[in-house]
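Dear colleague,

Please find below the structure that I am handing over to you. My notes on what was found in it follow directly after.

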Amino acid sequence: MQELNDEKPSETAHDKEVAPAEEGSSEEVGSDLSKQIWSVVAFDGLAASGITYHEAKAKMAQLTGEKVSGLCIITDEAAARMAK
């Protein structure tokens, strides 16, 4: 039987302090979530666009209930590139 080591567990990524993103502050990130710049896409294509992140989460929950597969939230900009 192996004895447990009394050493402190190794630091995980969750425990480490992470510097904020170079572009923008956390305040800007929060405001981006309230902007109508988000899309919901599924395997079948675009499900919604021009909505807030909160609305996108609600749309994903609705579509998940309808058994729609391959859902994710991306920016409208990224969704437009997918359509090309």
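Predicted model: local features only at pLDDT ≥ 70, side-chain atom pairs only at ≥ 80, totals over all residues.

**Findings**

Asp32 is partly exposed, with a relative accessible area of 29%; the term covers values between the limits for buried (under 20%) and exposed (over 50%), computed with a 1.4 Å probe and protein chains only. Asp32 forms a salt bridge with Lys35, and the closest N and O atoms of the two are 3.2 Å apart. A salt bridge here is a side-chain nitrogen of Lys or Arg within 4 Å of a carboxyl oxygen of Asp or Glu. Lys35 is likewise in the partly exposed class, at 42% relative accessibility.

Residues are numbered from 1 along each chain as its sequence is written, and side-chain values use heavy atoms, with hydrogens and water left out.

**Confidence and overall layout**

The average pLDDT of the chain (the predictor's confidence in each residue, from 0 to 100) is 80, and 65% of the residues score at least 70. Over residues 1–14 the pLDDT is below 50, and this stretch has 1 contact in the model beyond near neighbours in sequence. Contact means heavy atoms within 4.5 Å.

The chain contains 3 helices and 3 strands, and their order along the sequence is α-β-β-α-β-α. These elements are DSSP runs numbered from the N terminus, with helices (H or I) of at least four residues and strands (E) of at least two. Of the contacts with a separation of 6 or more, 41% are between residues 24 or more positions apart. Buried residues make up 18% of the 84 residues in the chain. The accessible surface comes to about 7200 Å², and 52% of that surface belongs to carbon and sulfur atoms; the areas come from the Shrake-Rupley method with a 1.4 Å probe, and for residues only the protein chains shown count as cover.

**The nonpolar core**

Which residues form the largest nonpolar core? The core has 9 residues, namely Trp38, Val40, Ala42, Ala48, Ile51, Ala56, Leu63, Leu71 and Ile73. A nonpolar core is a set of buried Ala, Val, Leu, Ile, Met, Phe, Trp, Tyr and Cys residues joined through side-chain atoms within 4.5 Å. Strand 1 (38–42), strand 2 and helix 2 each supply at least two residues of this core, and the largest share, 3 residues, comes from strand 1.

Leaving aside neighbours within four places in sequence, Ile73 is in contact with Trp38, Ser39, Val40, Tyr53, Ala56, Lys57 and Met60. Of these, Lys57 lies in helix 2 and is partly exposed, with a relative accessible area of 49%. The C-alpha atoms of Lys57 and Val40 are separated by 8.5 Å, although the two residues are 17 residues apart along the chain.

**The aromatic pair**

The count comes to 1 aromatic pair, under a rule by which rings of Phe, Tyr and Trp (its six-membered ring) pair if their centres lie within 6.5 Å; planes under 30 degrees apart count as stacked, over 60 as edge-to-face and the rest as tilted. The rings of Trp38 and Tyr53 have centres 5.2 Å apart and planes at 80°, so the pair is edge-to-face. Because Trp38 lies in strand 1 and Tyr53 in helix 2, the pair ties together parts that are 15 residues apart in sequence. Trp38 is buried at 13% relative accessible area, whereas Tyr53 is partly exposed at 30%.

**Loops and the remaining salt bridge**

Thr52 lies in the loop between strand 2 (45–51) and helix 2 and is buried, at 13% relative accessibility. Apart from neighbours within four places in sequence, Thr52 is in contact with Leu33, Ser34, Lys35, Gln36 and Trp38.

Lys67 lies in the loop between helix 2 (53–65) and strand 3 (72–75). The phi of Lys67 is near 65°, a positive value in a residue other than glycine. Most residues other than glycine have a negative phi. Lys67 is exposed, with a relative accessible area of 72%.

The salt bridges number 2 by the rule given above. Besides the Lys35 and Asp32 pair, the side chains of Glu77 and Arg81 meet in a salt bridge (3.3 Å, N to O). Glu77 and Arg81 are separated by about one helical turn, because they are 4 residues apart in helix 3 (residues 76–82). Glu77 is exposed, at 55% relative accessibility.

With kind regards
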